[in-house]
Amino acid sequence: MNPTDNRSNHAATLRKPAEAVAQIHSPQSPDDLTSLSLEEIRRMFHELQVHQIELEMQNEELRRTRNEVETAKKRYFELYNLAPVGYCTISAQGIILETNLTAAALLGIAREAMVGQPLSRFIIANDQGVYFLFREQLLKTKEPQKCELRLVHADGTLFWVQLDATAGTAAGGTPECHLVISDISLRKQAKESLRLSENRLHLLVQNSSDSLVIINADGTQRYVSPGAERITGFSIAELEGRAIDTLIHPDDMNNVVAAWNEAVEHPEKTVTVQYRHIHKTREWVTSEAIAQSFLDEPSINGVIASVRDITERVHAEKALKDSQSLLNTTQRFAQIGGWEWNVAEQSMTWTDETYRIHGLAPEDQPTLSAELIERSLACYLPEDRPLIAEAFRRCAESGEPYDLRFPFLAADGRRLWIRTMGEPMRKKSRIVLVRGTIIDITREQQMKNLLQARLRLSEASAFLSLDTLLSCVMDEAETLTGSQVGFFHFVEPDQQTLSLQAWSRNTLAHFCTAEGKGRHYPVDQAGVWIDCIRQRRAVIHNDYPSLPHRKGLPPGHAEVRRELVVPIFRNESIVAVFGVGNKAQEYDQEDIDLVTSLGDMAWDIVLRKRTEEGLLRSEERFRKLLESLPAVAVQGYSPDGTTQYWNQASEQLYGYSAEEAIGRNLLDLIIPPEMQDAVRQAIGQMAETGQPIAASELALMHRDGSRVAVYSSHLILEIPGQPPELFCVDIDLTERKENEDHLAAALAEKEVLLREVHHRVKNNLAAIVGLLDMQRRMLVDPQGRDILTELGGRIRSMSLIHEKLYRADNLARINFQHYLQALISHLRTSFGSPRIHCQAEAQGVEMPLDLAVPCGMIINELVTNALKYAFPGGLPAPGNDTCRIWVRMQLENGVYTLSVADNGVGLPPELDWTGAKTLGMVLIRMLGRHQLGGSYELDRQEGLRFTLTFSEQRGRK
C-alpha cells in the first residue's frame, strides 16, 4: 500500500457522509439537471472540478499540518520527557501536576506515581525550609528563583539538585510553578573535592618543611610560608619585605642572579639553583630553590620559589662522594674491581679499578655496553676464553656462581694473574643481575710461585752442593721473571772486591762461554751492572745497549739487552750481587721484589752451608765439652726412652758407667718407680709436640737405690732427616738443699724474733694507753680528758697494727679488712655511740706496716671526728633516718684509695679544713700528703666524705 491508495480509501470513506450532507443542503434532485443548458452544465462541472481541486489541496494542507503536528509532538516528547534535566509543574500548594521522565528517573520512581504527590515528600527534612522559602518567594515575586537542596532517591540515597523555577498560570487562571531539576551531585562532589584539595594545599604549605616564597620584581619577599622560619631561623615578619640578596652568601650571589634572570626571561620554564644563605644563628645553610616567573600574571605579579633546606643532603652527597672515592681508593689499593650485568637491559657496569685491571680508560669505552664483555674476554688467553664465557653464561641463566683464576694480558700489555668471581642476584626467584669482582692476584700468584720455588730450593739444599744450589736459584729466578740469563757473585767484606761465583744453567748452556768462576777483581773495574753496589740499591737497565757508561762485554759473554741487578745486604754490608737479564718485557718493581727475595734466600743457603760445615767441625768440640763438664750430668735418649748418650758427670752422679747406661731404658736407670708413669707420659708428649717439658727439681735414683736431688731440664734436638733426640741436663742439688735447710731454720728463728718484737711493741703501746686512761680518769677538766682520750685512740690505732701482725701468718703485710673492723669497733665503744652504724670495706687489701700505721691514724682521726661532731645529740641529720659512717679502702693497679664518709651534718661552710690548726686536722694533712705522698678530695654533699689517693711507691719514699 502506498500514500495514493491511502488517500483513495480515505476519500471513499468520506463520500457517503458528504452526499448525505449535500442532500440536506441541496434539495434539487438530479432530474432537475435536464432543465439546465449544456453551457450551464459545463460551467457547473467546471466549478465542481475546481472545488474538488480546492478540497484536495486543503486535504493535502491538512495532511501536511498533521504530519508537522506529529513531528512537533515527537520533538516535544524528546525535548520534555527525554531532556537531560527534570521538568516538573507544581501547583501553588506544591502538588506535582506534571513531570517528565528524567525527573522520575532522578527519584527512581514511575512518573505516574509522582503526579499528585507533594514535591516536599522527596526533599530531606533538613532542606524543607529552603524549599518552602524558595516556593514562597517565587509565588510572591513572580521572579525566577533558584536554590540547591537534597532529594531522596527511592533506594534511600541522597543527591544534590538545583531547582530553577518560573511562575506561570494554569488554564483556569490558577497560579502554578514550572521547575527545572538539575542533578548537581557531581558538581557538589567536585566542589567539595576542590575545597578539600585547597585545604590540604593550604595545610601543606603551612606545615611543609619547605618554604614557599613570592618575590617581587625588586627582589623583596612579599609572601613567605611558615617553612621559612625553620630554614632561616627568622620569623615571617622578619622575612616579608626583606630583600633576598641580604640573606644569600656573597660567593653564591652570581648563581642566584643568573637563575633569576633566566626565570624572568623564560617564564614558561622552572629554574633550579642551589645557594647558601644565612641562618639567624649566623651559620650558613645550603638550600635549593625551584622558581618560575609569574611577573606577567596580574593576580600574582611575582616570582614563586619553592625553597628546601638541603644542607643534610649536601653533606650526605659529600659523604657519599667521599665514600665512593674511598671505595675507589680501597679497590685500587686492594686491586679489587667490581662489575654488574643487568640481565633485562643487557648492560654491563664496571668500577674504576676494573677498567684499570683491564688496562682500559673509562672515557674511551662505551658506557653500560655489552661490548665490555667482549673487551674483557679479549684479555684472557685463547684457550681460557670459552671457560670464562661458559661460566658467565651459566651464572646469568642458571644461577651457578663461579670463582676462577686465569692468566691475563691487559690491553696495555701488562701480564697479570686475575681471580674473577660472579654470583646471581634474584628478585622473586628470577635472576635480574649478575654481580662479581675481578681481582689482580698477580702479586699473590708470584708469591705463590716464589714460595713454591723457595720450598723446592729448601728441600734441595739438604743434599745438593753450594754451587749446584746457586745454579738452581738462578734457574728459578729466570722462570719467575721470564729472563734468559742469571748470575750470582759474592762481595768480599772489604766491599771493594768481587768474587765471581755462579751462573744459571741456561746462561752457561746457550749464552755465555766466558771463564771466570772463583776470579776476584776490583769493583771499580766492573761494568754497569755493578751500579747496584755504587748506588746501594737495585738497578734496572731496560735499554742496556743505549747506556752511555757501559764498558763492553768480555769475549764469550752473553749479549745483554736489558738487565736487573740487586744487592744482597747483611748488617748494612753488601754480601752478594744477584742479576737476571734479557726479559721480553721491561723489568719493574715486582721483578725487583722477586729477585731480592730469592737472593736473600740464596745468601741464607750460602750461610747455612757454611754453617753446616762449621757445625760438623764444632760437633766434636761440643761432645768433648760435654764429656769434660764436671757438675752437669747430660743424658741423651730416644723417644722410647732408650739411652743414647751418657757423659762422665752422669757416671759420677748416678753411679752407672757409659757402657752400662747406653742401650738401657732411662726409666730403669734413674727414675724411681712412683715417677715412672709420669716420666713415660712426659717423654711421649715431648716427642709428639716437639716442646720440652718444664724444668723442675726432682729426686732421682742412684745405682745404690738412694735418692739424688737434681735440677732437671730438658731439650729436643731435631736434625733434618733424623728422628728427634731428647736430652736431659741434671745439676746436683745436694749441697744447695743442705744450704736451703740451714737458711730455712735461720728464717724460722728470725720470724719468731720478729713476732716477739711485734708482741712487745703491742704490749708497750697498750701499757701507754692504759696509763693515759688512768690519767684521764683522774682529771677533772673535760677538755683535758678529751685530749687524753683522742691521744689514746691514736696510740691504740698503732697498737692494733702490731697486734694483727703478731697474730698473722704474713709478718710483712696486714689484712686491712680485719684491722678496720677492730679499729672502728674500739672507737665506737670508746665514744659510746651504739646508735651510729659503722661499715668497713677493705676486702682483699693487704698493706705493709709502713703504710698501715699512717692510714690507721688518719682513719682514727676522721672516724673520731665523725663520732664526736657529725651527729649532734646522737641524732641523724635532717632528712636521714639513721646515722652512718663508711670506711672503704681499695687497691687497683698499685694505687690505694681511702674513703671515710658520713651522712651527718658535715663541716661548717665557713671552715677551711686545709688551714685548720687542730692537732687532728694537722695529723690528717701531714700523714696523707707528706708521709703517704697522696692527695685529698673533700665532698660536702650529703654529709662529709674525705677521699685520699696514694700509690704504694710514693707512700714508701
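Phe488, Phe490, Phe578 and Trp603 together make up one aromatic cluster. The structure described here is a predicted model.

Across the whole structure, a search finds 14 aromatic pairs. A pair of aromatic rings is described by the distance of the centres and the angle of the planes. Two of the pairs are set out below, with both values for each.

| Pair | Distance of ring centres | Angle of planes | Arrangement |
|---|---|---|---|
| Tyr380 and Phe408 | 5.1 Å | 90° | edge-to-face |
| Phe490 and Trp603 | 5.6 Å | 85° | edge-to-face |

In each case the planes are over 60 degrees apart, which is why the pair counts as edge-to-face. Tyr380 belongs to the loop between α12 (371–377) and α13 (385–398), while Phe408 is part of strand β13 (residues 402–409); the pair therefore ties together parts that are 28 residues apart in sequence. Tyr380 has a relative accessibility of 4% and so counts as buried. Phe408 is likewise buried, its relative accessible area being 2%.

## Helix α5

Helix α5 covers residues 128–141, which makes 14 residues. At 1.5 Å a residue the helix should span 20 Å, and the end C-alpha atoms of α5 are 20 Å apart, which agrees with that expectation. Its buried residues are Gln128, Tyr131, Phe134, Arg135 and Leu138. Viewed down the axis of α5, these buried residues fall within an arc of 130°, and therefore they line one face of the helix. The strands against which they pack are β1 (86–91), β3 (145–152), β4 (158–169) and β5 (175–183). Leu133 and Lys140, on the other side of α5, are exposed. Directly after the helix comes Lys142, which has a positive phi near 60°.

## A five-stranded sheet

Five strands form an open sheet with mixed pairing, in the order β28-β30-β31-β33-β32. The edges are taken by β28 (836–841) and β32 (935–939); each has a single partner strand, so one side of each is left without a neighbour in the sheet. On average, and with direction ignored, neighbouring strands of this sheet are turned by 10° against each other.

## Two loop residues with positive phi

Asn893 is found in the loop between β30 and β31 (895–902). Although Asn893 is not a glycine, its phi is positive, at about 55°. Asn893 is exposed, with a relative accessible area of 76%.

Lys428 is found in another part of the chain, in the loop between β14 (415–427) and β15 (430–440). Lys428 is not a glycine either, yet it has a positive phi of about 55°. With a relative accessible area of 79%, Lys428 is exposed.

Note on methods
Residues numbered from 1 in each chain as written. Predicted model: local features only at pLDDT ≥ 70, side-chain atom pairs only at ≥ 80, totals over all residues. Heavy atoms only, no water. Pairing = 2+ DSSP bridges. Helix = DSSP H or I, 4+ residues; strand = E, 2+ residues; numbered from the N terminus. Axes fitted to C-alpha atoms, helices over the stretch in contact; angles between N-to-C directions. Expected span 1.5 Å × (residues − 1). Buried < 20%, exposed > 50% of the residue type's maximum accessible area, 1.4 Å probe, protein only. Arc of directions from axis to C-beta. Contact = heavy atoms within 4.5 Å. Phe/Tyr/Trp six-rings, centres within 6.5 Å; stacked < 30°, edge-to-face > 60°.
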